[in-house]
Amino acid sequence: MTGFPSDLKHHRSFKKCSELWFEDGSIILEADNGTLFRVYGGHLTRCSSVLNEMLAEAEQSHDLFEGIPLVPMDDSAADLRCFLKALFDLKFYTKRGPEMELEDIISVLRLSTKYNTEVLRTQTLSILSTVFPSRLDVFVTTNEHKWRSRLTPRKLFTLANLAKEADATALLPSILYLCCRRDLVKILDGVETPSGSRAVLDGEIMRRIIIGRRALESLARTWTYSYLYDHNVPFEHQCEDSSRCRQFIHTKAKSIDSYPDVFLDPLAPPSLYQNFDGRVCRSCLRWMEGVVKVSLEHVWTCLPVVFGFPEWGSLVRVSE
Ligand SMILES: [Zn+2]
């Protein structure tokens, strides 16, 4: 460093990001791969105390690009692009829908936490809470949500780690529940990413998942699937054909137990209509439906505690 402004235009290979290149922008941020974003420094410093300090330091460093102060960042171009889009494009979140990818929102969460842009972070957490909600009815109605249905283990594990890192605890019970549904080997060993590295769960998160997974299977047996396993429970309802119904229930329980490696999911019981209708009497079918309905509510209520968190009410209060 000479102490004189040095224009780096000819020194390194840069690539301008055209959608975030404002000709009257006052500062240029450089991602870790040389992608450049020319934006308004005043807006950044107002949104973030962390960036305020970084930009003040950058002014002393004399690094310039085309005469504009340049700030090298250690963030990826993908993260920075989404973060800056969310800060400078008012339509970024209002346009959300099929075209928005979960990775984009994860990027915004990552950097809005890192740079302490509180308003943007709160807005991002609120959007994520519609995908990973605290209420069962919301979870069920958004079951086919595009973001959730497209979640690969890699994205899910990244999100679980990030939610912990970002202190977004209210999102974690439903995220960890979705992790539990994944193959145990993947939970333990992680999964390969397109770049050849591995997406591995954070140690504490993995511990919560392993312990929670066992607790959920126990809840499946004692609640959601209790009509299959608790053979001593008298048929208090008016069973129309006790020996046939009991025989079918016994066979069904044995068939589930013949797949010990499959996670017994207390929140995704088999469809009673598809699997039981016609094989047990109507009275038993209604009884099982009642058991499942009550069980889903109970298991969902237990979900945070199963993973070692406080109950839903305090998790949501803390996140508000
Ligand atoms: Zn019956």
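Author: One term comes ahead of the rest: two residues are in contact if their C-beta atoms, placed from the backbone, lie within 7 Å. The model discussed here is predicted.

Reader: Which residues does Ile175 touch, not counting residues up to four places away in sequence?
Author: Ile175 belongs to the largest nonpolar core, which has 74 residues, and is listed with Ala160 and Leu176 as touching the most other members. Helix 16 (residues 282-306) gives this core its largest share, 9 residues. With residues up to four places away set aside, the partners of Ile175 are Phe132, Leu156, Leu159, Ala160 and Ala163.

Reader: Is the chain a compact globule or more spread out than one?
Author: The chain has 17 helices and 8 strands. For 320 residues the globule rule gives 20 Å, and the radius of gyration is 26 Å, well over that value, so the chain is more spread out than a compact globule. Along the principal axes, the C-alpha trace spans about 90 × 35 × 30 Å.

Reader: How far apart do the C-alpha centres of domain 1 and domain 3 lie?
Author: The domain assignment divides the chain into domain 1 (6-75), domain 2 (102-213) and domain 3 (218-306). Between the C-alpha centres of domain 1 and domain 3 the distance is 60 Å.

Reader: Which strand runs parallel to strand 4, joined to it by 3 bridges?
Author: Strand 4 (residues 35-39) has 4 of its 5 residues buried. Strand 3 (residues 27-30) is joined to strand 4 by 4 bridges and runs antiparallel, with Ile27 bridged to Val39. These two form a hairpin with 4 residues between them, where Gly34 in the turn has a positive phi of about 90°. The parallel partner, joined by 3 bridges, is strand 2 (residues 15-21).

Reader: Which helices are included in what covers the buried residues of helix 5?
Author: Helix 5 (residues 102-114) reaches 18 Å from its first C-alpha to its last, close to the 18 Å expected for its 13 residues. Its buried residues include Ile105, Ile106, Val108 and Leu109, and also Arg110. Just after the helix, Asn116 takes a positive phi of about 55°. The cover over the buried residues includes helix 3 (77-88), helix 6 (118-131) and helix 9 (153-165).

Reader: Is Asp74 buried or exposed?
Author: Asp74 sits in the loop between strand 6 (68-72) and helix 3. Its C-alpha is 5.2 Å from that of Asp32, although the two are 42 residues apart along the chain. Because Asp74 has 8 C-beta neighbours inside 10 Å, its class is exposed.

Reader: And Pro266, is that residue buried or exposed?
Author: Pro266 is also in a loop, the one between helix 14 (242-257) and helix 15 (272-276). Beyond four places in sequence, its contacts are Leu216, Leu219, Ala220, Trp223, Thr224, Ser295 and Val299. The cut-off for a buried residue is 20 or more other C-beta atoms within 10 Å. Pro266 has 28 of them, so its class is buried.

Reader: Which residue with a positive phi follows helix 2?
Author: Helix 2 (residues 49-61) has 13 residues and reaches 19 Å from its first C-alpha to its last, close to the 18 Å expected. The residue that follows, with a positive phi near 70°, is His62.

Key. Residues are numbered from 1 along each chain as its sequence is written. This is a predicted model: local features need pLDDT of at least 70, side-chain atom pairs count only at pLDDT 80 or more; totals for chains, interfaces and linings use all residues. The expected span of a helix is 1.5 Å times one less than its number of residues. A residue is buried if 20 or more other C-beta atoms lie within 10 Å of its own, exposed if 12 or fewer, and partly exposed in between; C-beta atoms are placed from the backbone. Domain bounds come from an automatic or database domain assignment. A nonpolar core is a set of buried Ala, Val, Leu, Ile, Met, Phe, Trp, Tyr and Cys residues joined through C-beta atoms within 7 Å. The radius of gyration is taken over C-alpha atoms; the globule rule is 2.2 Å times the number of residues to the power 0.38. Two strands pair if DSSP finds at least two bridges between them.
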